[in-house]
Amino acid sequence: MQISLSLNSADETATFARKLAAHLSQGDTILLTGDVGAGKTHLARALIQSMLAAPEDVPSPTFTLVQTYEARNDVEIWHADLYRLSDPSEIEELGLTDAMPQAVCIVEWPDRLASLRPKDALDITLVATDVEDQRILSAVWNDPRWDAKLTDFIK
């Protein structure tokens, strides 16, 4: 399945993230693709913050590679930025592949996963337009469990 949405502001991107977060559970992996500045980290940050029991700073994991959080339902959240990785073996060293079945994982720059890319993940691509703060969001999935999780967005 696939959806495409026009998000006309940073607030609309955050609203999408919060609505999606309400449906996430253990074992869900979201792969975020887009150019630098497309809004991947903004979407991830809004999603993570809405799942936390208490407000917490959610920095970009560009330099730490992975940040982990405890969601209010005792599910761990892993936020990974793989931009600086050059070989898929480095991903296994991070423990990301082990975390995927047990946590909610949000992965920026998923092309670095290569053959480790999970087939049941939700693929989200963000593309900036010529209109300030506007993004086109495309989501693609094969696993039927995402149908119910994205029901708010399917027309």
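The legends below describe close-up views of a predicted model. Local features need pLDDT of at least 70 and side-chain atom pairs count only at pLDDT 80 or more, while totals for chains, interfaces and linings use all residues. Residues are numbered from 1 along each chain as its sequence is written, and side-chain values use heavy atoms, with hydrogens and water left out.

**View 1. Helix H2 (residues 40-51).** The twelve residues of H2 reach 17 Å from first to last C-alpha, close to the 16 Å expected (1.5 Å times one less than the number of residues). Nine of the twelve are buried, so H2 is largely enclosed by the rest of the structure (buried means under 20% relative accessible area, exposed over 50%, partly exposed in between; 1.4 Å probe, protein chains only). Among the buried residues are Leu43, Leu47, Ile48 and Met51.

**View 2. Salt bridge between Asp123 and Arg117.** The N to O distance is 2.4 Å (a salt bridge is a side-chain nitrogen of Lys or Arg within 4 Å of a carboxyl oxygen of Asp or Glu). Asp123 is partly exposed at 21% relative accessibility, and Arg117 is partly exposed at 31%.

**View 3. Salt bridges of Arg145 with Asp120 and Asp143.** Asp120 and Arg145 meet at 3.4 Å, N to O. This pair links distant parts of the chain, 25 residues apart: Asp120 is in the loop between strand S5 (104-108) and strand S6 (122-128), and Arg145 is in helix H5 (residues 145-149). In the bridge from Arg145 to Asp143, the closest N and O atoms are 3.7 Å apart. Shared partners join Asp28, Asp120, Asp143, Arg145 and Lys149 into one network.

Conventions. Helices (H or I, at least four residues) and strands (E, at least two) are DSSP runs, numbered from the N terminus.
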